[in-house]
Amino acid sequence: MSAVTWHEARRYAREVGRPLGPVQRPLPEAVGSALAVPLVALSPLPAYDSAAMDGYAVAGPGPWQLVGRVLAGDPGTPAALSPGHAVEIGTGAMVPNGADAVLPYERAGRTGRTVSGGIAPGRHVRRRGEDCPVGREVLPAGTVVNPIVLGLAASLGHDTLTVHRRPRVGMVVTGSELRTAGLPLPGQVRDAIGPMLPGLVRAAGAELAWGSRIADDASALVAALLRCDADVLVVCGATSAGAADHLRRALDTLAAEVPVRGVACRPGHPQLFAALPHGRYVVGLPGNPYAALVAALTLLSPLLGRLSGRTEPATQTATLAGPVTPHDRDTRLVPVARVGSAALPVGHDRPGSLWGAAGADALAVVPPGWNGDEVELLSLPAAETALPLPAIVPWRPTVASAPTRPTAQAGDIPRVSAAP
Ligand SMILES: Nc1nc2c(c(=O)[nH]1)N[C@H]1C(S)=C(S)[C@@H](COP(=O)(O)OP(=O)(O)OC[C@H]3O[C@@H](n4cnc5c(N)ncnc54)[C@H](O)[C@@H]3O)O[C@H]1N2
Ligand code: MOO
């Protein structure tokens, strides 16, 4: 296996694709997508001269004669205020032309219709456009739309946003030994990658559009690769060299280009990256669950980040606050918890176990022969990315055609001869 370095693999995955075409989305549907054009203020902020405090809008030197009241949402424009006059005003209400300042109730004296007090000109008046003038670019293209961006876009007058289309990902989980529920019988293994992958995909800016489980069956894998119409197809397991590992052979059968056949990292070295003749990308994740996580962060996330038009995140670094043994040739990926500016290895990071990574904030990238310098950190996704979103994550398991073993129970993955 000719493995590329971990950094080469990641750079390749980040640079091979192009952001998907711009689409217009209503605000709520744009969350998680990246802006395809800069966000520009359609309306000034504030949109009109408005009161920042509840009190009295006053014109000229005091005391002032109270001539009316203006509240937020009142129809029309309030009448202009003459020197020596005041109106009672609510926070957010339009400040009448001619008013110099808003005198808060707390600083005002009032006797009948006479208001007194001292206030500097301009105080507590938010002038139209002072937070953001109309036409100003406030966020660059590539910004990920989060709930705060939605709020900002709404306050600047947007109903829709122009964002990059989110990549559609298909997932094929392979393994005759896998089952999806209950305690595994001897020789069986609970599928750990199927539950993990949708959230990883979403955290990288994409959506899981299609999912299937197949047994270790070469023709089923070829059929799945042929039939999936997603932008990116992720195959879990079957990446290695064993008699039941069919991915490399399936890709050769389909005349796929395989620019990354293994990555010099631990765990996760059998991961691969391919392009099918019709242009779709295939990422192969090793079957060991922690190795699959490492591979997802190495090849899949950068690819999806690029296709979804997200700006590349800045590199984060930290000092490792615990002992780590580097590999002599390969990059090690080590789960860590952040403690201030340091990162503490949490252990439990054998290739088959997600225990360490599940309690970690990030994976530390420990280069071969590491000498104790600061290391790069890859953030792990927040829990919210795993919230179920049934509208965009249809899960269509392959229908059983024949059980693999006589003891098969509900939750087993049956051997099938064709992808869905
Ligand atoms: N001769 C060699 N053998 C192996 C090599 C190698 O270089 N030469 N690499 C090893 C490494 S490293 C890994 S990682 C695995 C990768 O194997 P595959 O991607 O082919 O995956 P499988 O063989 O199907 O499974 C490996 C392991 O993971 C378990 N598994 C698979 N899928 C899941 C899942 N969805 N959830 C939980 N666990 C899963 C499976 O039961 C196996 O225990 O190859 C090594 N061998
Ligand atoms: O990719 Mo494997 O053991 O390095 O899990």
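**Exercise 1.** For this predicted model, state what share of the contacts with a separation of 6 or more comes from residues 24 or more positions apart, and what percentage of the residues is buried.

*Solution.* Begin with the contacts in the protein that have a separation of 6 or more: residues 24 or more positions apart account for 69% of them. Turn next to burial, where a residue counts as buried if 20 or more other C-beta atoms lie within 10 Å of its own; by this criterion, buried residues make up 42% of the 420 residues.

**Exercise 2.** Work out how many helices and strands the protein has, and why it is described as more spread out than a compact globule.

*Solution.* The secondary structure comprises seven helices and 27 strands. The radius of gyration is 30 Å, whereas the globule rule gives 22 Å for 420 residues, and because the former is well over the latter, the protein is more spread out than a compact globule. Along the principal axes, the C-alpha atoms fill a box of roughly 95 × 50 × 40 Å. As for the domains, the assignment lists domain 1 (4–23 + 166–311), domain 2 (24–44 + 131–164), domain 3 (50–126) and domain 4 (316–379), and the centres of domain 1 and domain 3, taken over C-alpha atoms, are separated by 64 Å.

**Exercise 3.** Describe the residues around ligand 1 and those around ligand 2.

*Solution.* Around ligand 1 there are 25 residues, of which Gly-237, Thr-239, Ser-240, Pro-286 and Gly-287 come nearest; this shell divides into 14 nonpolar, eight polar and three charged residues. The residues around ligand 2 include Arg-266, His-269, Pro-286, Asn-288 and Pro-351, and the shell there divides into five nonpolar, three polar and one charged.

Terms used: Residues are numbered from 1 along each chain as its sequence is written. Chains are lettered from A and ligands numbered from 1 in the order in which they are written. This is a predicted model: local features need pLDDT of at least 70, side-chain atom pairs count only at pLDDT 80 or more; totals for chains, interfaces and linings use all residues. A residue is near a molecule or strand if its C-beta atom, placed from the backbone, lies within 6 Å of it. Ala, Val, Leu, Ile, Met, Phe, Trp, Tyr, Cys and Pro count as nonpolar, Asp, Glu, Lys and Arg as charged, and the others, Gly among them, as polar. Domain bounds come from an automatic or database domain assignment. Helices (H or I, at least four residues) and strands (E, at least two) are DSSP runs, numbered from the N terminus. The radius of gyration is taken over C-alpha atoms; the globule rule is 2.2 Å times the number of residues to the power 0.38. A residue is buried if 20 or more other C-beta atoms lie within 10 Å of its own, exposed if 12 or fewer, and partly exposed in between; C-beta atoms are placed from the backbone. Two residues are in contact if their C-beta atoms, placed from the backbone, lie within 7 Å.
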